Amino acid sequence: MTKSGFSVLLGLIVAVGMLPSCKTKTYEWEQYSITAVPIVHVNTAKSALPTYATANTSFFNLKDANVANQQFEFVLNYEGFGVAKVNSIELYLSYNQGTASTIPAYPIVLSTPGNVYPSQAAFYPISTTIAGTDKLFETVTTFPKTCTYTATQLAAAAGVSMSSIKVNDFFLFKFILNLADGRRIVGFQDNVCDESRGEPGDCRVGVRFKNQ
């Protein structure tokens, strides 16, 4: 080894040895703990229009005279990664008018390569924050649970009239997890759920009105 090469190597060794002593601050992200995440699986067979389970979206069809009795069904469960246990999941319901500047394409287009997840997020704005207008719909304590609701039931729970609903309006469920160790897991980052990215966990699921 040349003298210059030895000097470089010695410098690297010294620098690496000094790294622990250079740490002057402890960051919040270093104190992480493992939580559970909600998992939903949409029953695509109950959707009034074709959909994909990975889109976390079902559809009601306003063109059907029996739209009031069409069903939205999903199975609610959780993943605790072998560490976290969930005592209950709170379901919060919101009714959203389809007036966003970007309406997801229908029929749903799956992204490529892969052909697994939709090319667009199913609901805009991409929100997981539970707002003051969202209503506590149900608290689930037994998992997995099959949740089945008609359009009329959701409208009544959200306080809207079926006659006022228009194309692209949608009902959306969001979740709060209550863990066995006392933690309460609430989503505060609006962009954490995007069906087109396939993140671990499903912090929302919904059903949209179409006229096909």
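Author: Happy to; below we go from the overall layout to the core, and then to a few spots around it. Please keep in mind that this is a predicted model.

Let's begin with the layout. The protein chain has 2 helices and 9 strands, and from the N terminus their order is α-β-β-β-β-β-β-α-β-β-β. Of the 212 residues in the chain, 37% are buried. If you take the contacts between residues at least 6 apart in sequence, 78% of them join residues at least 24 apart.

Now for the core itself. The largest nonpolar core holds 30 residues, and Phe74, Leu76, Leu91, Phe171 and Phe173 touch the most other members. Which elements give two or more residues to this core? They are strand E1 (37-42), E3, E4, strand E6 (145-150), helix H2 (151-158), strand E7 (170-179) and E9. E7 supplies the largest share, with 5 residues. There is also a second, separate core of 6 residues, which includes Ala55, Tyr106, Ile108 and Leu110.

Tyr106 is joined to Pro107 by a cis peptide bond, with omega near 0 degrees, and Pro107 sits in the loop between E4 and strand E5 (135-140). Another cis bond runs from Phe143 to Pro144, with omega near -10 degrees; Pro144 belongs to the loop between E5 and E6.

Asn115, in the loop between E4 and E5, has a positive phi of about 50 degrees although it is not a glycine. Asn168 also has a positive phi, of about 80 degrees, and is placed in the loop between H2 and E7. Is Asn168 buried or exposed? Its relative accessible area is 13%, so Asn168 counts as buried.

Next, find Arg204 in strand E9 (residues 204-210). Arg204 is buried, with a relative accessible area of 1%, and its side chain reaches the backbone oxygen of Phe123 at 3.2 Å.

Tyr32, Ile34, Phe81 and Val83 make a nonpolar surface patch of about 460 Å². Val83 lies in the loop between strand E3 (71-79) and strand E4 (86-96), and at 56% relative accessibility Val83 counts as exposed.

Key: Residues numbered from 1 in each chain as written. Predicted model: local features only at pLDDT ≥ 70, side-chain atom pairs only at ≥ 80, totals over all residues. Heavy atoms only, no water. Helix = DSSP H or I, 4+ residues; strand = E, 2+ residues; numbered from the N terminus. Buried < 20%, exposed > 50% of the residue type's maximum accessible area, 1.4 Å probe, protein only. Contact = heavy atoms within 4.5 Å. Polar contact = N/O pair within 3.5 Å; in protein donor to acceptor, adjacent residues only side chain to side chain. Patch = residues over 30% accessible without salt bridge, like charges linked within 9 Å, V, L, I, M, F, W, Y side chains within 5 Å. Areas by Shrake-Rupley, 256 points an atom, 1.4 Å probe, with all protein chains shown as cover. Salt bridge = Lys/Arg side-chain N within 4 Å of Asp/Glu carboxyl O. Core = buried A, V, L, I, M, F, W, Y, C linked by side-chain atoms within 4.5 Å.
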